[in-house]
Amino acid sequence: MNSQPTSLRAVDFFCGGGGMTYGFRQAGVDVLAGIDIDPKCRATYKANNKPAKFIGADIKKLSVKLLARRAGIQQNDDNLIFIG
């Protein structure tokens, strides 16, 4: 079994209050941001998942370019995963 720390980074889609983000962070994944359309999720997400950013947006309208800028990601990153 490999005991090296993971270098995985993630973006959490439909993050809500951040339960999945929290679990992935506990597993050693660097969650960069969570995205949810519901602004009522922001305070809970941010309180439990610093330093991950909360992106309040409808993913159907969120451009790839804006997502990349807000989450600090780039294309072809083999260590980046999307969770949700």
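Where does Pro-51 sit? The place of Pro-51 is in the loop between α2 (42-48) and β3 (53-56), with helices (H or I, at least four residues) and strands (E, at least two) taken as DSSP runs and numbered from the N terminus.

A word on the ground rules. This is a predicted model, so local features need pLDDT of at least 70 and side-chain atom pairs count only at pLDDT 80 or more, while totals for chains, interfaces and linings use all residues. Residues are numbered from 1 along each chain as its sequence is written, and side-chain values use heavy atoms, with hydrogens and water left out.

Phe-14, in the loop between β1 and α1 (19-26), has a phi of about 55 degrees. Its relative accessible area is 61%, so Phe-14 counts as exposed; the scale here is buried for under 20%, exposed for over 50% and partly exposed in between, using a 1.4 Å probe and protein chains only. Asn-76 has a phi of about 65 degrees and belongs to the loop between α3 and β4. Asn-76 is exposed too, at 74%. Gln-74 is in the loop between α3 and β4 and is exposed, with a relative accessible area of 59%.

On to the aromatics. A pair of rings is described by the distance of the centres and the angle of the planes. Rings of Phe, Tyr and Trp (its six-membered ring) pair if their centres lie within 6.5 Å, and planes under 30 degrees apart are stacked, over 60 edge-to-face and the rest tilted. By this rule the count comes to 2 aromatic pairs. Phe-13 and Phe-82 have ring centres 5.1 Å apart and planes at 80 degrees, so this pair is edge-to-face. Because Phe-13 lies in strand β1 (residues 9-13) and Phe-82 in strand β4, the pair ties together parts that are 69 residues apart in sequence. Phe-13 is buried, at 16% relative accessible area. Tyr-45 and Phe-54 make a tilted pair, at 5.8 Å centre to centre and 55 degrees between the planes. Both partners are buried: Tyr-45 has 0% relative accessibility, and Phe-54 has 5%.

What makes up the largest nonpolar core? The term covers a set of buried Ala, Val, Leu, Ile, Met, Phe, Trp, Tyr and Cys residues joined through side-chain atoms within 4.5 Å. The largest such core has 12 residues in all: Val-11, Phe-13, Leu-32, Ala-33, Ile-35, Ile-55, Ala-57, Leu-62, Leu-67, Ala-71, Ile-73 and Leu-80. At least two residues each come from β1, β2 (30-36) and α3, and β2 gives the largest share, 3 residues. Apart from this core lies another, of 9 residues, among them Cys-15, Val-29, Tyr-45 and Ala-52.

Contacts (heavy atoms within 4.5 Å) put Leu-80 and Arg-9 in touch with each other. Not counting residues up to four places away in sequence, Leu-80 touches Arg-9, Ala-10, Val-11, Leu-32, Ile-73 and Gln-74. Under that exclusion, the partners of Arg-9 are Val-29, Asp-30, Leu-32, Asp-77, Asn-79, Leu-80 and Ile-81. Arg-9 has its place in strand β1 and, at 24% relative accessibility, counts as partly exposed. Arg-9 and Asn-79 are 70 residues apart in sequence, yet 6.0 Å apart in space, C-alpha to C-alpha.

Finally, the open space. A pocket is an open set of points, on a 1 Å grid over the protein atoms alone, where a 1.4 Å probe fits, with protein on both sides within 12 Å along at least five of seven lines; lining residues have an atom within 4 Å of a point. The largest pocket has a volume of about 160 Å³, the volume being the space filled by probe spheres set on points joined across faces, edges and corners. Its lining consists of Val-64, Leu-67, Ala-68, Ile-73, Gln-74, Gln-75, Asn-76, Asp-77, Leu-80 and Phe-82. Elements giving two or more residues to this lining are α3 (64-71) and β4 (80-83), and the largest share, 3 residues, comes from α3. By class, the lining has 6 nonpolar, 3 polar and 1 charged residues, where Ala, Val, Leu, Ile, Met, Phe, Trp, Tyr, Cys and Pro count as nonpolar, Asp, Glu, Lys and Arg as charged, and the others, Gly among them, as polar.
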